[in-house]
Amino acid sequence: MATISATLSISFLPSSIRFAVATTSTSTTSSSSSWRIKRPARFRCCAEPSSPEQENPSTPAPPPVKPPASPSSLWGISTSTWSAGVAGLGFLETAYLSYIKLTGSEAFCPVSGGGCGDVLQSDYSVVFGIPLPLLGLVAYGLVLTLSLQENGKNFLPGIDDLDIRLTLLLISTSMATASSYFLYILNTRFIGTSCSYCLLSAFLSFTLFSIRVKDLGLERVQKFVGLQLSVAIIVALALTNSYSSATTQLNGTDDFVLERYDTEITTESTPFAIALAKHLHSVGAKMYGAFWCSHCNEQKQIFGREATKILDYVECFPNGAGKGKKMAPECAAAGIEGFPTWIINGKVLGGDQELPILAEESGFTVEGTEQS
């Protein structure tokens, strides 16, 4: 029994100690007995699976799997949430403008003086026969859906995360390109006209583009620069082709005609305004405008009743605006693209101007003498 107990205890000792003890026990036992006790084999309480390297050392180890990149964030909020929020605002704005465009209702202009209605009713509010706000509604809706999908909502099952992020980058690129084009049109064809909805939509488009670039990172975005440039060129060419025959005259529905009307000037002219008006008349300065242009009426109010009668004012739509109504030949020959437009000594000034600026551009001093 002692031999058995010693043998069992040896089996639980570390290998180096177990070997020494086992040798001593064997020698002692051999001297007292003619038979030898074999050391029991080492046993384990649980199975330990061998690693692939132990089974086949020549097989190379597989490369470590990189965990998926964590979504980027901005100020502690994920970019997908930012993208969904901005797209939601754009969706609401374009939904309102689509309703205004399709029903022919009057748009609410938050900026005093209006002007946004002129843009919404122009030829530039339609692309290939489709109302521009409706196209914006679809674009913002698609960005909103994909952003929510990226944020964990399973609207479109089976779409890879990288595909969603690349698609959002290309959509935001096209929207930013279109917004840049529309801002150019607004500043060249609608001089002096304010359009708060146009500016808001452009701001949202540029914000979405910045968010998507932040999401992918500049290093990865550089790999898709060629694709982005292709999308931008296609959008710019499509808009140019659509607007090749557009005009700046006021256009509504196919049967809409706006008859000319006169706006009453309620302000009284100051002596300076009367003297400036006489000077502008003497140097051949002309003011080109349209009866429906709110900024043109504001310019007249700045001069006042008496001074306005002295100005050389050219009405570009003397027969009304709308279907079948064309811009006056004098305005078309002068290349007028927005209202009001001043041409003073060969220089073109767009938008309503303050009297001191008109005096400076025409060489008129406070004393009423020309500057040298």
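This is a predicted model: local features need pLDDT of at least 70, side-chain atom pairs count only at pLDDT 80 or more; totals for chains, interfaces and linings use all residues.
Residues are numbered from 1 along each chain as its sequence is written, and side-chain values use heavy atoms, with hydrogens and water left out.

Let me begin with the helices, and with the conventions behind them. Helices (DSSP runs of H or I, at least four residues) and strands (runs of E, at least two) are numbered from the N terminus. Two packed helices are described by the angle between their axes and the distance between the axes. The axes are lines fitted to C-alpha atoms, for helices over the stretch in contact, and the angles run from 0 to 180 degrees between N-to-C directions.

Helix 6, residues 132-150, is my reference point, and I take its partners in turn. Helix 4, residues 79-103, packs with helix 6 at an angle of about 155°, the axes being 8 Å apart. That makes helix 4 roughly antiparallel to helix 6, where angles over 145 degrees count as roughly antiparallel, under 35 as roughly parallel, 65 to 115 as roughly perpendicular and the rest as oblique. The crossing of this pair is left-handed, a term used if the near helix is turned anticlockwise from the far one by less than a right angle, with clockwise giving right-handed. Contact here means heavy atoms within 4.5 Å, and the residues of helix 4 that meet helix 6 include A84, A87, G88 and F91, while those on helix 6 include L137, Y140, G141 and L144. By class, this contact has 12 nonpolar, nine polar and two charged residues, where Ala, Val, Leu, Ile, Met, Phe, Trp, Tyr, Cys and Pro count as nonpolar, Asp, Glu, Lys and Arg as charged, and the others, Gly among them, as polar.

On the helix 6 side the residues in contact include L142, V143 and L146, and on the helix 7 side they include I164, L168 and I171; the contact divides into 11 nonpolar, three polar and three charged residues.

Four strands form an open sheet of mixed pairing, in the order 7-6-9-10, where two strands pair if DSSP finds at least two bridges between them. Strand 7 (313-315) and strand 10 (347-350) stand at the edges with a single partner strand each, so one side of each is left without a neighbour in the sheet. Neighbouring strands are turned by 20° against each other on average, direction ignored.

Strand 6, residues 286-289, pairs with strand 7 in the parallel sense over three bridges, and M287 has Y313 in strand 7 as its bridge partner. Strand 6 and strand 9 run antiparallel and are joined by three bridges, with Y288 opposite T341 in strand 9. Four bridges join strand 9 to strand 10, again antiparallel, and these two strands form a hairpin with two residues between them, in whose turn N345 has a positive phi of about 50°. Helix 15, residues 355-362, lies across strand 9 (341-344) and strand 10, running at about 30° to strand 9.

Finally, some local features. Most residues other than glycine have a negative phi, and most peptide bonds are trans. A cis peptide bond joins F339 and P340, with omega about -10°, and P340 is found in the loop between helix 14 (329-333) and strand 9. F128 has a positive phi, near 55°, and is found in the loop between strand 3 (126-127) and strand 4 (130-131).

The structure holds two disulfides, each being a pair of cysteine sulfur atoms within 2.5 Å. One of them joins C195 to C198, S to S 2.0 Å, and the torsion about its S-S bond is about 65°, so this disulfide is right-handed.
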